[in-house]
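Biologist: I have a chain to go through with you. Please show it, and then I will ask about its parts one at a time.

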Amino acid sequence: MAQKGTRFPDIVSYANERGIQFKPRQNDGKDEVYAICPFCHHHNFKLSLNPVKNCYRCWHCSEVGGIASFISKIEGVSEVEVIDRYRSQKTRNVHPALKLTHEQRRLIGCAKLPDWELMRKRDPKYFKLTLDMLWETWKAKEQELREDAYTHLYISIITGEIKDSEKKERIVTSITEIGRRINVPILEELRVAYRAKPDWVKTIERNTDSLFQSIKTKNTTTVENQHAG
Ligand SMILES: [Zn+2]
C-alpha cells in the first residue's frame, strides 16, 4: 500500500495519537488491533487496524483503506495532500547537495561524485562538511548565473533592445535556456527581482548605468572635440 518515496506513520500509533479508543485486552497473537471506529463510532470496537499492512476496515460501517486514506478521512484533507506531506517530510531530511543534478554539478566542476555512502561511513563529520561546501559552491554559482542573466536583461532594457520583438525573443529564450539547465525558473525570478529590486539588483543596475553613462560621456566628448577641431 505504501507509495514509493513516502514514509507513513504506523496506523496504530497514528490512531493512538488521535485519541482513538482501543479495545482492552486484545489477543496478542493477532495482527489486527480493534478500536472504536472514528467514522461510525459504533460502541463495540468494530474498527480493525492492521499495523503490518498499515490499513483499516470497519466491520460495521464498511469504511476501508490504507493509511493515507485513514489520515485523509480523519483530518479532512485530500489523500494527495497526505501523500505529499509524508513525501516532503522524507525529502527534507536529504541534504540539498545530494539532490543537485548532473548538469548543476558539472557547472561547478563536480560532475563526478565520490562514493557518498563510503564517505559517510568513514567520517560522518567530513561527509557533512563536504556536502555543505558543495551546496555553498552551487548556491554561489547559481547567483552568479542569475546576476549574469539579469545584467543581460537590464542592458536590453536600457538600450531599448527589449522593444524589438525579435531581440526580445532571443533574450527570453537564452535566459529560459539557462534556467532549464540549472533547474531554476530564472526568467520568472528576474521578473520579480526587476520589480522588487533586492540589493544585488540595485548593484547591477547602478554599475550598468554608470558604465553606460561613461560610454555616453566619452562619445559626447569625442563629438565635441571633433566640432571644436
Ligand atoms: Zn465504522
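Biologist: How many bridges join β3 to strand β4?

Modeller: This is a predicted model. Strand β4 covers residues 64-66 and runs antiparallel to β3. Tyr56 stands opposite Gly65 in β4. The number of bridges joining β3 to β4 is three.

Biologist: Which residue in the turn of the hairpin of β3 and β4 has a positive phi?

Modeller: The hairpin of β3 and β4 has five residues between the strands. In that turn, a positive phi of about 70° belongs to Ser62.

Biologist: In which sense do β2 and strand β3 pair?

Modeller: Strand β3 spans residues 55-58, and four bridges link β2 with β3. The sense of the β2 and β3 pairing is antiparallel.

Biologist: Which element gives the largest share of the largest nonpolar core?

Modeller: The largest nonpolar core has 14 residues, and Ile11, Leu49 and Ile67 have the most contacts inside it. At least two residues of this core come from each of α1 (11-17), β1 (33-35), β2 (47-50) and α2 (67-75). The largest share is four residues, and the element that gives it is α2.

Biologist: How many residues are in the other core, apart from that one?

Modeller: Ala149, Tyr150, Ile175 and Leu187 are among the members of this other core. Its number of residues is six.

Biologist: Which residues does Ile11 touch, not counting those up to four places away in sequence?

Modeller: Ile11 is one of the residues with the most contacts inside the largest nonpolar core. Leaving out residues up to four places away in sequence, Ile11 touches Leu49, Pro51, Asn54, Cys55, Tyr56, Ile67 and Phe70.

Biologist: How do helix α6 and helix α7 run, roughly parallel or roughly antiparallel?

Modeller: Helix α6 covers residues 124-158 and helix α7 residues 165-182; their axes come within 11 Å and cross at roughly 175°. An angle over 145 degrees counts as roughly antiparallel. Therefore α6 and α7 are roughly antiparallel.

Biologist: Which residues in α7 do those in α6 meet?

Modeller: On the α6 side, the residues are Glu142, Leu145, Ala149, His152, Leu153 and Ser156. Those they meet in α7 are Lys167, Ile171, Ile175, Ile178 and Ile182.

Biologist: How far apart do the C-alpha centres of domain 1 and domain 2 lie?

Modeller: The chain is divided into domain 1, residues 11-92, and domain 2, residues 126-228. Between their C-alpha centres the distance is 54 Å.

Definitions and conventions:
Residues numbered from 1 in each chain as written. Predicted model: local features only at pLDDT ≥ 70, side-chain atom pairs only at ≥ 80, totals over all residues. Core = buried A, V, L, I, M, F, W, Y, C linked by C-beta atoms within 7 Å. Buried ≥ 20, exposed ≤ 12 C-beta atoms within 10 Å, placed from the backbone. Contact = placed C-beta atoms within 7 Å. Pairing = 2+ DSSP bridges. Domains from an automatic or database assignment. Axes fitted to C-alpha atoms, helices over the stretch in contact; angles between N-to-C directions. Parallel < 35°, antiparallel > 145°, perpendicular 65-115°, else oblique.
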